[in-house]
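Student: Could we go through this chain together? I have the coordinates open and would like to begin with contacts.

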Amino acid sequence: MRSYANDDLRFRGRSRSAISSVVTLVLFVWLIVGAVAAGQRHYYDNAPSNCASTGTIAVTIIAGPLNYLGANPKVDSCHVDVPQPSQ
């Protein structure tokens, strides 16, 4: 008599692996599209001069394909607390 319990476990394992591979691929493509959008907006022409320009590049990459649907993420200002050495 054939046991289907082992077949079920093997199928689930392949399914999870396939799903994680697809999710990884989609995430990778999403970020590549965002990086291309940032390049088309000439964000890479000069080195980021402050936190806001670095943040704008980052959110543009994270927005990915949404950039082509009208999203234009920008970071106006940001403040980074830099710890000072104690005296």
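Student: Which residues does Thr-56 touch, not counting residues up to four places away in sequence?

Tutor: Thr-56 touches Tyr-43, Pro-73, Lys-74 and Val-75, where contact means heavy atoms within 4.5 Å. Please note that this is a predicted model: local features need pLDDT of at least 70, side-chain atom pairs count only at pLDDT 80 or more, and totals for chains, interfaces and linings use all residues. Residues are numbered from 1 along each chain as its sequence is written, and side-chain values use heavy atoms, with hydrogens and water left out.

Student: Is Thr-56 buried or exposed?

Tutor: Thr-56 is buried, with a relative accessible area of 8%. Buried means under 20% relative accessible area, exposed over 50%, and partly exposed in between, with a 1.4 Å probe and protein chains only. Thr-56 is located in helix 2.

Student: How many helices and strands does the chain have?

Tutor: The chain has 2 helices and 0 strands. Helices (H or I, at least four residues) and strands (E, at least two) are DSSP runs, numbered from the N terminus. Helix 1 covers 5–40 and helix 2 covers 51–63.

Student: Turning to cysteines, which residues does a disulfide join?

Tutor: A disulfide joins Cys-51 to Cys-78, with an S to S distance of 1.8 Å; the rule requires a pair of cysteine sulfur atoms within 2.5 Å. Cys-51 lies in helix 2 and Cys-78 in the segment after helix 2, so the pair ties together parts that are 27 residues apart in sequence.

Student: And how accessible are Cys-51 and Cys-78?

Tutor: Cys-51 is partly exposed at 31% relative accessible area, and Cys-78 is partly exposed at 34%.

Student: What share of the chain's residues counts as buried?

Tutor: Of the 87 residues, 15% count as buried. Residues 24 or more positions apart account for 55% of the contacts with a separation of 6 or more.

Student: Where is Tyr-68 placed?

Tutor: Tyr-68 is in the segment after helix 2, and at 47% relative accessibility it counts as partly exposed.
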